[in-house]
Amino acid sequence: MKNILAQNPRNIGGEINGLGSYGTPGNSSPGLFATILSRIIGLLTIVAGIFFIFLLISGGIAWMSAGGDKGKLASARTSMVNGAVGLAVVVAGIFIVQIIGNIIGVGNFLDPVNLIQRITP
């Protein structure tokens, strides 16, 4: 009898998580909060990327269908540039939060588990 690969259980190592797992997830309240915060930030970043792609495609279609009209070309160009700037702001926002946290000496705002554990009673 042949032993088919699909019949042999294999340990793939670790747990497969969803949109992100920043911090230390677990049964504790800070860990749960960090997991929820990470997944919300990841989801909103994905939504911003999808919206950017939509603006880029709709701006490209408007550009192609402008027919040489300067007003329509300007509107299409504005739509595409606004989408690119918006995506850049969303991605840069994460880094800006980290830089501000380091400047004021708090550390990383996006790691609430570390922040809560640093608070001494």
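Reader: At roughly what angle do the axes of helix α1 and helix α2 cross?

Author: Happy to start there, with the reminder that this is a predicted model. Helix α1 covers residues 29-64 and helix α2 covers residues 70-104. Their axes come within 8 Å, and the crossing angle is roughly 165°.

Reader: Is the crossing of α1 and α2 left-handed or right-handed?

Author: Angle and handedness can be read together for this pair. The axes cross at roughly 165°, and the crossing of α1 and α2 is left-handed.

Reader: Which residues make the contact, and how do they divide into nonpolar, polar and charged?

Author: From α1 the contact includes Ile41, Ala48, Gly49, Phe52, Leu55 and Trp63. From α2 it includes Leu73, Ala76, Arg77, Gly83, Leu87 and Ile94. The residues of this contact divide into seven polar, one charged and 14 nonpolar.

Reader: What span does α1 reach from its first C-alpha to its last?

Author: Helix α1 has 36 residues, and at 1.5 Å a residue the expected span is 52 Å. The value in the model is close to that, at 53 Å.

Reader: Which elements are included in what covers the buried residues of α1?

Author: The buried residues of α1 include Ala48, Gly49, Phe52, Leu55 and Gly59. Those five also take part in the contact with α2. The cover over the buried residues of α1 includes α2 and α3.

Reader: How many helices does the protein have, and what percentage of its residues count as buried?

Author: There are three helices and zero strands, and from the N terminus on the elements run α-α-α. Of the 121 residues, the share that counts as buried is 19%.

Reader: Leaving aside neighbours within four places in sequence, which residues is Val106 in contact with?

Author: Val106 sits in the loop between α2 and α3, and at 26% relative accessibility it counts as partly exposed. Its C-alpha is 9.7 Å from that of Arg118, 12 residues apart in sequence. Beyond its neighbours within four places, Val106 is in contact with Gly101, Leu115 and Arg118.

Terms used
Residues are numbered from 1 along each chain as its sequence is written. This is a predicted model: local features need pLDDT of at least 70, side-chain atom pairs count only at pLDDT 80 or more; totals for chains, interfaces and linings use all residues. Side-chain values use heavy atoms; hydrogens and water are left out. Axes are lines fitted to C-alpha atoms, for helices over the stretch in contact, and angles run from 0 to 180 degrees between N-to-C directions. Helices (H or I, at least four residues) and strands (E, at least two) are DSSP runs, numbered from the N terminus. A crossing is left-handed if the near helix is turned anticlockwise from the far one by less than a right angle, and right-handed if clockwise. Contact means heavy atoms within 4.5 Å. Ala, Val, Leu, Ile, Met, Phe, Trp, Tyr, Cys and Pro count as nonpolar, Asp, Glu, Lys and Arg as charged, and the others, Gly among them, as polar. The expected span of a helix is 1.5 Å times one less than its number of residues. Buried means under 20% relative accessible area, exposed over 50%, partly exposed in between (1.4 Å probe, protein chains only).
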